[in-house]
Amino acid sequence: MRKWLPLVTICLGAFILLVDVTIVNVALPSMASDLDAPFSALQWVVDGYALALAALLMVAGSLGDLFGHRRLYVAGLTVFAAASLGAALSPNAGVLIAARAVQGVGGAAMFATSAALVAATYQGRDRGVAFGVWGAVNGAAAAAGPILGGLLTQGLGWQAIFLVNLPVAAVAVVIALRALPPAARRGTGRLDLPGAATFTLAAAALTYALIRGGDDGWSDPLTLGAFAVTAVAAVAFMLVETRSDHPMIEAALLRRPGFSGLLGGALLYQAAAFSGLVYFSLWLQDVLGLSPIRGGLALMPMAGTAFVVAAAAGRHMHRFPARVPIGGGLFIIGLGCALLALTVHASSGQASVFAGLAVIGVGVGLTTPVLVSAAVDAVPPHRAGMAGGAVNTARQLGMTLGIALFGAVFTSRLRTVTGHGGSLHAAYASGLDRISLYAAAAGLAGAIAVFALVRPSRGADPVAAGAPAHEPAAR
């Protein structure tokens, strides 16, 4: 049992940071009421956290490679807990958004080091079991957020969704200090600050442009200016990374079709599976009048199927080429989103979402357990932090951009339908139908990219060296 203590602390950290991606969904109406927050502020409560994760994961991966994964993991837990307390005590939406961003800083340190810690702590069959369990926790955590959020919000208030992180983080820190092995030596090199700055600017500007465009129109000067900043910063990031001696992400890795396919699949996976939950939660409570608990329970089919499938299949997925569970999972997610578009109408009730969410949960359960391990196994061992940071960056960037893009589409449909005399029920149904179709397209596009680019291993490969014999390297 003692040998699994490191996995316990890694899974505890992964659980709270991933739960916090979606746990706020069912608490948003309560937050809006208590803090007098507009719709755009609600988007930033979710996106502020996801954006900080996306912007800093690769930086955190580099820091872990340089200074030790255990050290950075414990520091991340500490920052995450402190920011959770700040979020619970927030007197207004601005402070809450800032606290969520700081949570994302701590979460990035935890998330970027988790896969590398698993890979460094376990070998052989134990490593496959550990990645399977860790992947199951990852899949269940983000999907279980709404029901946990509903229970805590209705029972104790929305502040409880943040306060619950404190004891979990404390236990994880104690176990980490006792059970995780310290780094044998520090890495060499330096932090890629220009790359971090340009990437963060590009991601933040694009998110801002999408949210503002949905509120104020796509021809608004600030919206156009934000898109221009995005383009300049993205070009600057690519130039910096190709010329840096210590890049956050090596250009050689991006030139590999398999690794790039995994990054694209990760981005589209998170956008398709989770970004729409924000708007379904608002529909369930604001339009159907459900309580936070009932609103969370309505989303439970996704959490339930994700957990069951990930737990049952996670430990066996390494027997298949990575593109099978990842590409197949994305395809199933796309089908689930399409089913939501067909079943939600102006007269629909909560039961209309059950089948679509259950199908999405199957895809989540198949995809999550192998996504990060496939990326880690596709690079040399000393680039494990870089690979884990890159694929998780893609995931959180997909969540961030998905929420912003879907929000723009959703608000546009609300204005169009109500402007033509439609009811609020009809307007919400139209918005949910449209974002579900976008999510379905994202899932299917991700599946095509993964099946086309990620190939089974055909022998020794210098970049895939270090992949365990029982887990085929993604190429």
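Ser-281 sits in helix α13. The model is predicted. Is Ser-281 buried or exposed? Its relative accessible area is 1%, so Ser-281 is buried. Leaving aside residues up to four places away in sequence, Ser-281 touches Asn-25, Val-26 and Leu-299.

Stay in α13, which spans residues 277-287. This helix also holds Phe-280 and Trp-283. They are three residues apart, about one turn of the helix. Both Phe-280 and Trp-283 are buried.

Now turn to the rings. A pair of aromatic rings is described by the distance of the centres and the angle of the planes. Rings pair if their centres lie within 6.5 Å. By this rule the model has eight aromatic pairs. For Phe-280 and Trp-283, the ring centres are 6.4 Å apart and the planes stand at 85°, so this pair is edge-to-face. The cut-off for that label is an angle over 60 degrees. Aromatic residues also group beyond this pair: Tyr-279, Phe-410 and Tyr-428 form one cluster.

Next comes helix packing. Two packed helices are described by the angle between their axes and the distance between the axes. Take helix α12, residues 257-274, and helix α17, residues 354-377. Their axes come within 11 Å and cross at roughly 150°. How do α12 and α17 run, roughly parallel or roughly antiparallel? Angles over 145 degrees count as roughly antiparallel, and α12 and α17 are therefore roughly antiparallel to each other. The crossing of α12 past α17 is left-handed.

Which residues make this contact? From α12 come Phe-259, Leu-262, Ala-266, Tyr-269, Ala-273 and Phe-274. From α17 come Ile-360, Val-364, Thr-367, Thr-368, Leu-371, Ala-374 and Ala-375. Sorted by class, the contact of α12 with α17 has eleven nonpolar residues, two polar and no charged ones.

Helix α12 has another partner, helix α19, residues 424-453. Here the axes are 8 Å apart, and the helices pack at an angle of about 165°. The pair α12 and α19 is therefore roughly antiparallel. Again α12 passes in a left-handed crossing, this time past α19.

The α12 side of this contact consists of Pro-257, Gly-258, Gly-261, Gly-265, Leu-268 and Ala-272. In α19 they meet Ala-439, Ala-442, Gly-443, Ala-445, Gly-446, Val-450 and Leu-453. The contact of α12 with α19 divides into eight nonpolar, five polar and no charged residues.

Move on to another glycine. Gly-195 lies in helix α9, residues 193-216. Its relative accessibility is 0%, so Gly-195 counts as buried. What does Gly-195 touch, not counting residues up to four places away in sequence? Its contacts are Phe-237, Val-240, Glu-241 and Met-248. Ala-172 is 23 residues from Gly-195 along the chain, and their C-alpha atoms are separated by 31 Å.

The last stop is Asp-36. This residue lies in the loop between α2 (28-35) and α3 (39-67). What is the phi of Asp-36? The angle is near 55°, a positive value in a residue other than glycine. Asp-36 has a relative accessible area of 68%, so it is exposed. Ser-281, at 1%, is buried.

Technical notes
Residues numbered from 1 in each chain as written. Predicted model: local features only at pLDDT ≥ 70, side-chain atom pairs only at ≥ 80, totals over all residues. Heavy atoms only, no water. Axes fitted to C-alpha atoms, helices over the stretch in contact; angles between N-to-C directions. Helix = DSSP H or I, 4+ residues; strand = E, 2+ residues; numbered from the N terminus. Parallel < 35°, antiparallel > 145°, perpendicular 65-115°, else oblique. Left-handed = near helix turned anticlockwise from the far one by under 90°. Contact = heavy atoms within 4.5 Å. Nonpolar A, V, L, I, M, F, W, Y, C, P; charged D, E, K, R; others polar. Phe/Tyr/Trp six-rings, centres within 6.5 Å; stacked < 30°, edge-to-face > 60°. Buried < 20%, exposed > 50% of the residue type's maximum accessible area, 1.4 Å probe, protein only.
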